Amino acid sequence: MKTKLFILGVAALVMTTTACKEEKATDLYSEEEIAEQASKVVDPATAPVMTLAEATHDFGDVKANEKVQAYIKFTNSGKSPLIIQDASATCGCTVPEFPKTPIAVGATDSIKVEYTAGNMNGKQQKTVTLVTNTANGTEQFNISANVVGATEAAPNAQQAFGQ
């Protein structure tokens with residue numbers, strides 16, 4: 001009986017000492033991962049600043065299944081070169097193309113956005129997100145279009161969104 005109590009006591013002691021060990025967040029990452037995250041930290045005082053010519057581009061009325069494109073102009077009004085690392089949109093119908101080279105301080109460039117209207121009538125709005133080396137790390141702008149001329153069998157865009 002004493003042996004069982006002794007073993008039970010030792011087990012409780014081991015569990016108590018190991019359960020109380022606090023794990024640090026840095027223990028979960030390798031040194032390479034920590035160094036990579038540190039290299040992504042941007043000093044806001046010297047960071048590039050992406051100033052968009054327009055926060056929203058409206059294509060106006062677009063025929064169903066029609067493909068339209070626009071160039072969204074921007075300026076690097078910061079203090080270091082602007083690098084756009086990636087671009088994505090909220091829908092596959094919107095395809096952004098961005099400059100692959102750094103944008104110098106004070107320089108202006110543009111992002112090509114191609115939108116393919118679906119077969120649903122109504123107002124459509126999509127968001128384009130850019131992964132950058134700005135202080136925010138990401139920049140966004142919107143495009144919108146009013147899709148017209150869809151076939152009668154297709155539901156209204158607002159009705160389809162609610163389903």
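Author: A polar contact is a pair of N or O atoms within 3.5 Å; within protein, one atom must be able to donate a hydrogen and the other to accept it. In this predicted model, the side chains of Gln124 and Lys126 form such a contact, at 3.4 Å. Gln124 belongs to strand E7, which covers residues 122-132. Is Gln124 buried or exposed? Its relative accessible area is 13%; because buried means under 20%, Gln124 counts as buried.

Strand E7 also has a partner in strand E8, residues 138-148. These two strands run antiparallel to each other and are joined over 10 bridges. One of the residue pairs involved is Leu130 with Glu139, the latter lying in E8.

Both strands are part of an open sheet of 4 strands, arranged in the order E2-E8-E7-E4 with mixed pairing. At its edges are strand E2 (56-63) and strand E4 (84-89), each of which pairs on one side only. From one strand to the next, the twist averages 20°.

Read from the N terminus, the elements follow the pattern α-α-β-β-β-β-β-β-β-β-α. Of the 163 residues in the chain, 28% are buried, and Gln124 is one of the buried residues. Among contacts between residues at least 6 apart in sequence, 68% join residues at least 24 apart. The accessible surface of the chain comes to about 10,900 Å², and carbon and sulfur atoms account for 56% of that surface.

How values were computed:
Residues are numbered from 1 along each chain as its sequence is written. This is a predicted model: local features need pLDDT of at least 70, side-chain atom pairs count only at pLDDT 80 or more; totals for chains, interfaces and linings use all residues. Side-chain values use heavy atoms; hydrogens and water are left out. Buried means under 20% relative accessible area, exposed over 50%, partly exposed in between (1.4 Å probe, protein chains only). Two strands pair if DSSP finds at least two bridges between them. Axes are lines fitted to C-alpha atoms, for helices over the stretch in contact, and angles run from 0 to 180 degrees between N-to-C directions. Contact means heavy atoms within 4.5 Å. Accessible areas come from the Shrake-Rupley method with a 1.4 Å probe; for residues, only the protein chains shown count as cover.
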